[in-house]
Amino acid sequence: MKYRIKSLFIILIVALSLALTSCANMRWGTSAGVNVSFGPNGPRVTPHVNVNLYSGGRF
């Protein structure tokens, strides 16, 4: 039983370290603005906000 708990603990630590190192290079990319579309009743303005995660390098 003790061997099982220790091995589970070691596997958990290894998985956590791999997860943290893979997320270390994540970068946020946010943008906000308005879209203007022209229709039969005149221009229509709709706001938009984009939030993206990039796993590439720095821009």
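Two strands are taken to pair if DSSP finds at least two bridges between them. Helices (H or I, at least four residues) and strands (E, at least two) are themselves DSSP runs, numbered from the N terminus. By these criteria, strand E1 (residues 27-39) and strand E2 (residues 42-54) run antiparallel and are joined by 13 bridges. The structure is a predicted model, in which local features need pLDDT of at least 70 and side-chain atom pairs count only at pLDDT 80 or more, whereas totals for chains, interfaces and linings use all residues. Residues are numbered from 1 along each chain as its sequence is written, and side-chain values use heavy atoms, with hydrogens and water left out.

The protein chain contains one helix and two strands, arranged along the sequence in the pattern α-β-β. Confidence is expressed as pLDDT, the predictor's confidence in each residue, from 0 to 100. The mean pLDDT of the protein chain is 80, and 81% of its residues reach 70 or more.

The link between E1 and E2 is a hairpin through two residues. Ser 37 is found in E1. Contacts are defined by heavy atoms within 4.5 Å; with residues up to four places away in sequence not counted, Ser 37 touches Gly 42, Pro 43 and Arg 44. In strand E2 lies Val 49, which is in contact with Ser 31 and Ala 32 when neighbours within four places in sequence are left aside. The C-alpha atoms of Val 49 and Val 34 are separated by 8.6 Å, the two residues being 15 apart along the chain. For the protein chain, 39% of the contacts between residues at least 6 apart in sequence join residues at least 24 apart.

Solvent exposure was classified by relative accessible area, with buried meaning under 20%, exposed over 50% and partly exposed in between (1.4 Å probe, protein chains only). Buried residues make up 2% of the 59 residues in the protein chain. E2 is hardly covered, the count of buried residues among its 13 residues being zero. Val 49 counts as exposed because its relative accessibility is 65%, and Ser 37 is partly exposed because its relative accessible area is 39%.

Accessible areas come from the Shrake-Rupley method with a 1.4 Å probe; for residues, only the protein chains shown count as cover. The protein chain exposes about 5,700 Å², of which carbon and sulfur atoms supply 66%. Phe 9, Ile 10, Ile 13, Val 14 and Leu 18 form a nonpolar patch on the surface, together having about 500 Å² of accessible area. Patches are made of residues with over 30% relative accessible area and no salt bridge, like charges being joined within 9 Å and nonpolar side chains (Val, Leu, Ile, Met, Phe, Trp, Tyr) within 5 Å. A salt bridge is a side-chain nitrogen of Lys or Arg within 4 Å of a carboxyl oxygen of Asp or Glu. Ile 13 is found in helix H1 and counts as partly exposed because its relative accessibility is 43%.
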